[in-house]
Amino acid sequence: MTHSLVCAETVSRVSSVLNRNTRQFGKKHLFDQNEETCWNSDQGPSQWVTLEFPQLIRVSQLQIQFQGGFSSRRGCLEGSQGSQALRKIVDFYPEDNNSLQAHTFPIPVAEVDRLKVTFEDATDFFGRVVIYHLRVLGEKV
């Protein structure tokens with residue numbers, strides 16, 4: 001059964017936050033299901049989000065909602081178990097729009113407890129990325 005894998009015990013980190021204003025633009029807004037809030041990165045060549053799960057998971061889909069004009073042309077999903085080095089799972093190519101985009105991955109996907117989603121080649125001239133929703137779907141192992 002596929003369901004959202006991000007829970008209260010999931011530890012998340014982000015590459016940056018616009019003007020270090022975590023109250024208004026922090027990582028918590030990626031997962032709060034609120035249409036009015038977002039994670040807004042600061043400028044840079046690439047932006048990323050890491051997630052550490054309390055158990056092994058199998059990812060089947062990544063759902064992302066960008067703000068149009070502040071998206072990424074190319075993304076990379078990496079994963080690992082424990083302290084192992086991250087390894088590439090799949091590249092994906094988001095669209096520059098405001099809709100919720102679903103990126104489905106081939107099964108079977110490796111069992112991991114750590115994910116890194118990297119957003120490269122931002123559509124914004126300064127390299128900023130704005131994300132309203134980030135959902136990781138799949139199953140616990």
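Modeller: Arg58 has a relative accessible area of 22%, so Arg58 counts as partly exposed. The model is a predicted one, in which local features need pLDDT of at least 70 and side-chain atom pairs count only at pLDDT 80 or more, while totals for chains, interfaces and linings use all residues. Residues are numbered from 1 along each chain as its sequence is written, and side-chain values use heavy atoms, with hydrogens and water left out.

The partner of Arg58 is Glu139: their side chains meet in a salt bridge, at 2.5 Å from N to O. This pair links distant parts of the chain, since Arg58 is in strand E4 and Glu139 in strand E9, 81 residues apart. A salt bridge here is a side-chain nitrogen of Lys or Arg within 4 Å of a carboxyl oxygen of Asp or Glu. Strands (E, at least two residues) and helices (H or I, at least four) are DSSP runs numbered from the N terminus. Glu139 is partly exposed as well, with a relative accessible area of 28%.

By the salt-bridge rule, the count comes to 7. One of them joins Arg13 and Glu52, whose closest N and O atoms are 2.8 Å apart. Here too distant parts of the chain are linked: Arg13 is in strand E2 (residues 11–14) and Glu52 in strand E4, 39 residues apart. Arg13 has a relative accessible area of 40% and is therefore partly exposed; Glu52, at 31%, is also partly exposed.

Another salt bridge is formed by Glu120 and Arg74, with the closest N and O atoms 2.9 Å apart. Glu120 belongs to strand E8 and Arg74 to strand E5 (residues 72–80), so this pair links parts of the chain that are 46 residues apart. Both ends are partly exposed, Glu120 at 25% and Arg74 at 33%.

Now to the interior. A nonpolar core is a set of buried Ala, Val, Leu, Ile, Met, Phe, Trp, Tyr and Cys residues joined through side-chain atoms within 4.5 Å. The largest one has 30 residues, and the members that touch the most others are Trp39, Val49, Ile64, Leu115, Phe119, Ile131 and Val136. At least two residues of this core come from each of strands E4 (46–66), E6 (87–92), E8 (111–122) and E9 (130–140). E4 gives the largest share, 8 residues.

What does Ile131 touch, not counting residues up to four places away in sequence? Contact means heavy atoms within 4.5 Å, and on that basis Ile131 touches Leu30, Cys38, Trp39, Ile64, Gln65, Phe66 and Phe119. Cys38 is buried, at 8% relative accessibility.

His29 also contacts Cys38 and Trp39; its other contacts, leaving aside neighbours within four places in sequence, include Thr37 and Tyr132. His29 lies in the loop between helix H1 (22–25) and strand E3 (39–40), and its relative accessibility of 8% means that His29 counts as buried.

Two of the residues touched by Ile131, Phe66 and Phe119, are themselves buried. Rings of Phe, Tyr and Trp (its six-membered ring) pair if their centres lie within 6.5 Å; planes under 30 degrees apart count as stacked, over 60 as edge-to-face and the rest as tilted. This rule gives 2 aromatic pairs. Phe66 and Phe119 form an edge-to-face pair, with 5.7 Å between centres and 85° between the planes. Phe66 is in strand E4 and Phe119 in strand E8, so this pair ties together parts 53 residues apart in sequence. Phe125 and Phe126 also form an edge-to-face pair, because their ring centres are 5.3 Å apart and their planes at 85°. Phe125 is exposed, at 75%, whereas Phe126 is partly exposed, at 44%.

Notes
Buried < 20%, exposed > 50% of the residue type's maximum accessible area, 1.4 Å probe, protein only.
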